[in-house]
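These are my notebook entries on a structure that I went through part by part. I wrote down what I looked up and what I found.

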Amino acid sequence: MTVAIDIEKCTGCSGAREAQCERICPGGLLVREGVKVQLRGGGACWDCAACVKSCPHQALYLILPWPLGGRGARLYARASATETEWILRLPSGREERYVIPARINQKKPVPEI
Amino acid sequence: MTGWQTEFKETDIAIVGGGVAGLAAAITAREAAPSSRILVVEQAHPERSGCLAAGVNAINAYLHPGETAHTFLDFVLREFMGIVRRDLVMTMAAGFNKAVDRLAAWGVPFPRDREGRYLRRGRHAVVVHGERIKPLMFQAACRAGVEFLNRTLAVEFIVNEGGRVEGLYALGIKNSTFYIILARAVICTTGGVAGLYSPSCPYSGLIRGIGWYPLFNAGSGLAMGLRAGAEMTSLEARFIALRVKDTLAPTGTVAQGIRVPQVNVHGENYLEGRHLTTVERLQSTLAEEGAGRGPCYLDTTRLTPAEARQLEEAYLEMCPRMVLWWGDHEESPRDKPLEVCPSEPYLVGGHSLSGYWIDSRRHTTLPGLYAAGDASGGAPKKYVSGCMVEGEIAALSALEDITQHDLHLTCPGETAVQEAKGRALAPLKRTNGLVAGELEARLHKILDEYAGGAVQGYRLMAGRLLIARRELKKLRRECYRLTAGDSYDLMQAHRVVDRIMVASAMVEHLLYRKETRWPPYQERADYPVRDDSRWMVFINSRYNRDNDSFIMLERPLEEEGGL
């Protein structure tokens, strides 16, 4: 069980036919129950983070379960048109940010290295 | 079965599986024949399904200046000890670079040098910011006019009286719909098989999902093919990946991406100066462990801060859990070397040799059925670009097939449909019996202990394999006791049945090859030597449904496709 859902932030994408994370999960592991999304069969979660990137409210994040760590770090993501921003919240509360190109903006090509 | 409706669909080409191979096939078909109807049947959603759900940070099959399809073939022949289908590798390699150009055209960012060339990451690889490769391919497919049937699990091919595959039965998991999909040709791109063995780094059984290859790839397409009588090849050529311990993150990101030394516990670079193949690097690592010089590591401690950051970013594009692991330990890649370990064995045609036996047009031995990508065998080292090319070739062959032959599809009769529906939904009707997880646990136990799992050091021997054969035969009968409470359970039930079918065939292959060809992918403790005088052949199999047995065949290396 490696994805956690912040119940406060989750709106269940109310009004939509299905929640974004429910739509995208490759394992069909996320289901809307009432107005919130729940993880089922979470043991099979592959940490692909598709749901994390899809959530419009950043209600989902990856966690490292106790056999591997369990110190409470969280990995959030936010996808914009051309980049994916990752926010790594460390157990100490400090945050690291990574912004990674994810799609070519036709007007602004990827810079040369 | 209450509430399960039946729906009928008809299309020109049905593509089973919306991963990289499937989407490439679909786009190619629509571009080549804009009036054709192309339907992708996908168990999840193609935007993030398949083994590239998280993304990818390198395209590992590309011909840089100076390389040709021939030099790539030489490389693959060496990597797989000569057991390779030359026709498949040559036709695939010829399309690598165009496939990469197509990805770039669809908006996938590739960093380039001053001359505009893709950045090299090893002899055959280019760097890519591929976190969004699947969404971008999906968008390209939508623009091309491909139709989709999502959250739909394929369960059985429809085979007409003449033996031609004319579509498939599938289960709509979200809408409780039994689909009869008639198609003039079918392309199977369901990927490889994970979840046959238990994870090589088990964690009290709580977290099954940590593997390198996704558990959602249960070998459905291969099992469907076996049940319909298709010929499979090289299921004994399992694939075991060298990965970062506990996270099962790819090691290529570090070894090729950043070029750090791979060392034993004494800090000695045990690979230095040795020109080893992928499987030999894995074997060398196990040998270090065996000689008491483990654990082995990728030494990331000498990276500069900028390189460490670059490494974290590369992992976010492919395996974000690795960055989370460093974060949870409040460590940088520079603080500690990364311990490596072998994964559990998988069957993956894109890395190793196992899958459908196909001809150079990617046609299987069943008329009307094509296969591509991780589901097809004989051409290893496909990776992303090779899977795309195979999908493209399969699509063009299927189009040619259906335009040349005047095919009249006949819907299966009412009785046949009701029987198929009954079989597919049977677990929902049973009240007493087994759940999928129970059968899966037994499958793991049999394969781990008797068919060369990690606990056996991956080593195989006839005595144990014969026990595996016997136990799997029993397990195939237990499948008739599976129960399911809802449609998710039903999907899991189908997946375990499919895994058991593929595992049964794999064990026959493991028994048949009486030599050691690719240790530790395939290492016979009772036949420890490689024997080129006897075993320079493909080992193929066909399932005989009538008496629940397997027919083993040998195919020479030279014969193209053996068809």
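Predicted model: local features only at pLDDT ≥ 70, side-chain atom pairs only at ≥ 80, totals over all residues.

The entries below begin with chain A, pass to its interface with chain B, and end with chain B itself.

**Entry 1**

**Entry 2. Layout of chain A**

I first looked up the elements of chain A and found two helices and seven strands. Read from the N terminus, their order is β-α-β-β-α-β-β-β-β. I also recorded the extent of the C-alpha trace of chain A, which spans about 45 × 35 × 25 Å along its principal axes.

**Entry 3. A hairpin in chain A**

I then turned to strand 2 (residues 30-33) and strand 3 (residues 36-39) of chain A, which pair in the antiparallel sense over four bridges. Within this pair, Leu30(A) stands opposite Leu39(A). Two residues lie between the strands of this hairpin, and Gly34(A) there takes a positive phi near 70 degrees.

Most residues other than glycine have a negative phi. In Gln58(A), however, phi is positive, near 50 degrees. I located Gln58(A) in the loop between helix 2 and strand 4 of chain A.

**Entry 4. Interface of chain A and chain B**

How many residues of chain A are in contact with chain B? I found 58 residues of chain A in contact with 57 residues of chain B. The two chains bury about 4,900 Å² between them, and 59% of this area is on carbon and sulfur atoms. On the side of chain A, the residues that lose the most area to chain B are Trp46(A), Leu68(A) and Tyr98(A), which together make up 17% of what that side buries.

I next checked charged pairs and found 10 salt bridges across the interface of chain A and chain B. One that I examined joins Arg321(B) to Asp47(A), with the closest N and O atoms 2.8 Å apart.

Which elements of chain A give two or more residues to the side that touches chain B? They are helix 1 (20-24), helix 2 (50-54), strand 4 (60-63), strand 5 (74-79), strand 6 (83-89) and strand 7 (95-101). Strand 7 of chain A gives the most, with five residues. By class, I recorded 33 nonpolar, 12 polar and 13 charged residues on the side of chain A that touches chain B.

**Entry 5. Domains of chain B**

For chain B I noted a division into domain 1 (5-57 + 85-106 + 130-191 + 349-404), domain 2 (242-342) and domain 3 (414-533). I looked up how domain 1 and domain 2 of chain B meet. Their C-alpha centres lie 34 Å apart, and seven residues of domain 1 are in contact with eight residues of domain 2. The two domains bury about 530 Å² between them, 46% of it on carbon and sulfur atoms. I found zero salt bridges between domain 1 and domain 2 of chain B, but four residue pairs in polar contact, both residues being at pLDDT 80 or more. The side of domain 1 that touches domain 2 has two nonpolar, three polar and two charged residues.

**Entry 6. A sheet in chain B**

I traced an open sheet of four strands in chain B, with the order 14-9-16-17 and antiparallel pairing. Why is one side of strand 14 and of strand 17 left without a neighbour in the sheet? Strand 14 (355-356) and strand 17 (549-556) stand at the edges and each has a single partner strand, so one side of each has no neighbour there.

I then followed individual pairs. Strand 9 (residues 232-233) and strand 14 of chain B pair in the antiparallel sense over two bridges, and Met232(B) has Tyr356(B) as its bridge partner in strand 14. Strand 16 (residues 537-544) and strand 17 of chain B run antiparallel and are joined by eight bridges. Here Asn540(B) stands opposite Leu553(B). The hairpin of strand 16 and strand 17 has four residues between the strands, and Asp548(B) takes a positive phi near 50 degrees.

**Entry 7. Cis peptide bonds in chain B**

Lastly, I looked up peptide bonds. A cis bond joins Gly294(B) and Pro295(B), with omega about -5 degrees. Pro295(B) is in the loop between helix 8 (278-290) and strand 12 (297-298) of chain B. Another cis bond joins Pro519(B) and Pro520(B), with omega about 0 degrees. I placed Pro520(B) in the loop between helix 15 (487-512) and helix 16 (532-535) of chain B.

Conventions
Residues numbered from 1 in each chain as written. Chains lettered and ligands numbered in written order. Heavy atoms only, no water. Pairing = 2+ DSSP bridges. Contact = heavy atoms within 4.5 Å. Buried area = accessible area lost by both parts, 1.4 Å probe. Salt bridge = Lys/Arg side-chain N within 4 Å of Asp/Glu carboxyl O. Nonpolar A, V, L, I, M, F, W, Y, C, P; charged D, E, K, R; others polar. Domains from an automatic or database assignment. Polar contact = N/O pair within 3.5 Å; in protein donor to acceptor, adjacent residues only side chain to side chain.
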